[in-house]
Amino acid sequence: MGSLEQAVYAIIISFVIGVILCPIVIPMLRKLKFGQNVRDDGPQTHLAKQGTPTMGGVAFLAAFVITSLFFLKGNRDGAAIMLMTLCYGLIGFLDDYIKVVKKRSLGLRAYQKLLLQLIVTGLFCSYIMKSGIGTAIYIPFTDGKMIDLQLIFIPFLFVAVLGTVNGVNLTDGLDGLCTGVTFVSMIGYLLAGSLLGFVHVSLIAAATAGACAGFLVWNFYPAKVFMGDTGSMFFGGIVTALAFVMQRPELVLFFGLVYIWDAMTVVIQRTYFKATHGKRIFRMTPIHHAFEMRGWREVKIDGFFALIAVIGGAMGIFDICVA
């Protein structure tokens, strides 16, 4: 069976599991009163979402794990990707649990979350450096030229992983937005893994894409369930882990274009706000909320951001073809 054929089966299996699990998980979340807490300083239209079941990311994490284990069959790099991303999902789960169950609005304290992220990222970095993948990376659009970062690789990986994880977390602000964008990103990784000969990457990306599609059935506007940090941190981990295992971290710039864009608007806004003593560039950040403030419907914003994700994915595939 070819890798693409396996990937198609992985998407279908993961999708079916996700679709089946959500109707089981959602009533459980309601019964446990795991409802979304909506911030007062956000768009006023979001106040109607108060109490919508959250932590639904556990459903597509289960779909991802079941499908990946079925297809990977002991692949070391695949196991490293799964372990790293599931650990990020666990950090998100702890954050959600404290917010929802312990009623502490900010969840894990900043230093606690950062410490856990540093530990998980450090273990993943150690694997990358010791497993034979190494510290050399490709330079985008340069006909396959590489540069060995050596010790600089360590801070490079940390910045890439932590920045992307938190960028994905910021993107999870509208019904179906993060799920839809990540689905597009995973299709990009599926194709990239196939083109570069990383079958395990293609299969993991396919399992994630199928889980996204299954969850999107319930997360699309108007959402019946939210993923919570359980899902968004898992997504952030997998977007970076797949790229680094293929020794192509530049792909995060393309397949993670939306996350980077959303995060950069927050950085720009805060920097400008402090420098000008209270002035703003955008009406609200992350930028998807600025579109909401202009009167765009959530479905329109989802479609627009998915289109940007497709453009980023096409650029990533072109980068691979050039090399």
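**Aromatic rings and a helix crossing**

Visitor: Which residues form one aromatic cluster in this model?
Guide: The model is a predicted one. Its aromatic cluster is made up of Phe60, Phe64, Phe215, Phe234 and Phe235.

Visitor: Is Trp296 buried, exposed or partly exposed?
Guide: Buried means under 20% relative accessible area, and exposed means over 50%. Trp296 has a relative accessible area of 24%, so the residue counts as partly exposed.

Visitor: What is the class of the aromatic pair of Phe291 and Phe305?
Guide: The two ring centres are 6.1 Å apart, with 90 degrees between the planes. Planes over 60 degrees apart count as edge-to-face. The pair of Phe291 and Phe305 is therefore edge-to-face.

Visitor: Which charged residue sits over the ring of Trp296?
Guide: Trp296 also forms a tilted pair with Phe291, 4.7 Å centre to centre. The charged end over the Trp296 ring lies 4.3 Å from its centre and belongs to Lys300.

Visitor: What is the handedness of the crossing of helix 1 and helix 2?
Guide: The axes of helix 1 (residues 3–31) and helix 2 (residues 57–72) come within 8 Å and cross at roughly 145 degrees. The crossing is right-handed.

Visitor: How many charged residues does the contact of helix 1 with helix 2 have?
Guide: Residues making this contact include Tyr9 and Leu21 of helix 1 and Phe64 and Phe71 of helix 2. By class, the contact has 14 nonpolar residues and four polar ones, and the charged residues number no residues.

Notes. Residues numbered from 1 in each chain as written. Predicted model: local features only at pLDDT ≥ 70, side-chain atom pairs only at ≥ 80, totals over all residues. Heavy atoms only, no water. Axes fitted to C-alpha atoms, helices over the stretch in contact; angles between N-to-C directions. Helix = DSSP H or I, 4+ residues; strand = E, 2+ residues; numbered from the N terminus. Left-handed = near helix turned anticlockwise from the far one by under 90°. Contact = heavy atoms within 4.5 Å. Nonpolar A, V, L, I, M, F, W, Y, C, P; charged D, E, K, R; others polar. Phe/Tyr/Trp six-rings, centres within 6.5 Å; stacked < 30°, edge-to-face > 60°. Buried < 20%, exposed > 50% of the residue type's maximum accessible area, 1.4 Å probe, protein only. Lys NZ or Arg CZ within 6 Å of the ring centre and 35° of its normal.
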